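Here's a protein model to explore.

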Amino acid sequence: RMLESFIYARDKFLRPGGAMMPSAGTIHLAPLSDAALWNETITKARFWQQNDFYSVDLNPYFAPAFEEYFSSPIVGCFSPTTLIGDSVVHEVDFHTVTMAELKEFTIPIEWEIKYTGLMHGVAGWFDLAFVPPVSSLHPGTQPSATYMSTSPQSTATHWQQVRMLLKQPLAVNAGQIVRGSIFMKVNDQRSYDISAKLIALDAEESALVSNEMLATMLDTQKSRVRTALWYLHEQIYNYAYVGEPSDMVRPEAANLYLPVDSLLAESALPAGPQGYARTQNISSVEAVGSSLTDFVVNAARNTMESSNSPMEH
């Protein structure tokens with residue numbers, strides 16, 4: 001909510017035609033699959049399920065501990081490979097946004113899921129634009145634009161990113177659409193309460209669902225709906241991620257699975273003798289297999305040639 005101070009200064013000090021730097025910002029929200037982080041969080045909560053911790057029964061505190069851990073956004077850099085869909089954006093023009101528009105707003109969600117797996121939560125970051133209006137430039141000055149991103153695909157900044165976990169992961173298939181909304185409302189901690197309602201739909205089904213129908217489904221389709229409430233001021237920090245050790249990280253390592261057609265098209269080579277497209281990985285495995293087969297056949301042939309009796313073969 002530092003932006004409110006920025007807007008207050010704009011209204012009080014900016015002369016007509018002046019420039020705001022930064023001039024605009026964009027909030028990004030994307031579906032996240034991060035089993036390690038989810039498991040770490042539930043492990044913290046399960047500490048309170050002990051019934052004899054130095055002769056104290058902690059079980060009565062498990063439910064509030066569970067609620068607190070999963071309502072706390074987690075700040076820290078994370079791997080872009082944990083994103084299972086492109087981000088939706090909420091753009092804010094700092095020259096024109098009003099204070100009231102910052103107090104509460106809704107971000108419609110529509111994510112196309114790229115992998116089959118589990119959605120553990122929502123990832124967030126922001127971009128900033130530094131674009132002066134033409135009216136603020138000295139005569140003869142050429143307009144220019146500069147951008148800064150806190151995206152997981154960009155160089156890390158001190159803002160890092162945020163991950164907000166669901167209490168219960170949502171199973172999704174590649175090609176499905178996750179729809180719903182995320183609502184942000186200011187609180188008395190100079191921060192935001194963030195609530196979410198999300199549902200997984202098949203692509204064909206989503207195309208037929210109007211916003212009115214969606215609202216009903218979000219209230220009735222419990223098995224494929226997830227709701228959440230996060231308190232941004234209760235953020236905690238996780239610095240486990242320090243960058244990928246290799247560019248060859250495969251989604252299967254994170255229990256994420258591409259559609260077969262996409263998987264085969266990743267590094268397709270000319271068709272093999274059976275007519276299917278061979279990938280580099282498959283061909284390398286075949287090469288190892290062929291080498292082993294050649295070794296066994298040659299060894300057997302040498303044994304047969306050195307033997308004096310066919311019965312010994």
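## A residue in a loop: Thr150

Thr150 sits in the loop between strand S6 (146-149) and S7; helices (H or I, at least four residues) and strands (E, at least two) are DSSP runs, numbered from the N terminus. This is a predicted model, in which local features need pLDDT of at least 70, side-chain atom pairs count only at pLDDT 80 or more, and totals for chains, interfaces and linings use all residues. Residues are numbered from 1 along each chain as its sequence is written, and side-chain values use heavy atoms, with hydrogens and water left out.

Is Thr150 buried or exposed? Thr150 counts as buried because its relative accessibility is 1%; buried means under 20% relative accessible area, exposed over 50%, and partly exposed in between (1.4 Å probe, protein chains only). The side chain of Thr150 reaches the backbone oxygen of Phe126 at 2.7 Å. Setting aside neighbours within four places in sequence, Thr150 is in contact (heavy atoms within 4.5 Å) with Trp125, Phe126, Asp127, Thr157, Trp159, Gln160 and Gln161.

Gly85 has its place in the loop between strand S2 (74-75) and strand S3 (88-93). Its relative accessible area is 6%, so Gly85 is buried. Which residues does Gly85 touch, not counting residues up to four places away in sequence? They are Ala30, Pro31, Glu112 and Lys114. Gly85 and Ile113 are 28 residues apart in sequence, yet their C-alpha atoms are 5.0 Å apart in space.

Now for Tyr231, which you'll find in strand S10. Tyr231 is partly exposed, because its relative accessible area is 29%. Along the chain, Tyr231 and Ser72 are 159 residues apart, but 5.9 Å separates their C-alpha atoms. Leaving out neighbours within four places in sequence, Tyr231 is in contact with Ser71, Pro73, Tyr192 and Asp193.

## The largest pocket

Let's turn to empty space. Rolling a probe the size of a water molecule over the atoms shows where empty space is left. The search uses a 1 Å grid over the protein atoms alone: a cavity is a set of points where a 1.4 Å probe fits but cannot get out, while a pocket is an open set with protein on both sides within 12 Å along at least five of seven lines, and lining residues have an atom within 4 Å of a point. Grid points are joined across faces, edges and corners, and a volume is the space filled by probe spheres set on the points.

The largest pocket has a volume of about 1,300 Å³. Its lining has 38 residues, and Arg1, Met2, Phe126, Trp159 and Leu232 lie nearest the centre of the pocket. Helix H1 (2-13) and strands S1 (24-32), S5 (117-130), S7 (162-172), S8 (177-186) and S9 (192-201) each supply at least two residues of this lining. Sorted by class, the lining has 23 nonpolar, 11 polar and 4 charged residues. Here Ala, Val, Leu, Ile, Met, Phe, Trp, Tyr, Cys and Pro count as nonpolar, Asp, Glu, Lys and Arg as charged, and the others, Gly among them, as polar.

## The cavities

How many cavities of 30 Å³ or more does the structure hold? There are 2. The largest cavity has about 40 Å³ of space, and its lining is made of Leu37, Glu40, Thr41, Lys44, Ile74, Ile236, Tyr237 and Asn238. Helix H2 (35-46) and strand S11 (236-237) each give at least two residues to that lining, with H2 giving the most, 4 residues.

The second largest cavity holds about 30 Å³ of space. Around it are Phe70, Leu165, Leu166, Lys167, Thr227, Ala228, Leu229 and Trp230. S7 and strand S10 (225-231) are the elements that give two or more residues to this lining, and the largest share, 4 residues, comes from S10.

## The whole chain and its confidence

Zooming out, the protein has 8 helices and 13 strands. Buried residues make up 34% of its 313 residues.

Over residues 272-297, though, the pLDDT is below 50. The pLDDT also stays under 50 over residues 309-313. Where pLDDT is low, the predicted coordinates should not be read in detail.

Conventions. pLDDT is the predictor's confidence in each residue, from 0 to 100. A polar contact is a pair of N or O atoms within 3.5 Å; within protein, one must be able to donate a hydrogen and the other to accept it, and residues adjacent in sequence count only if both atoms are side-chain atoms.
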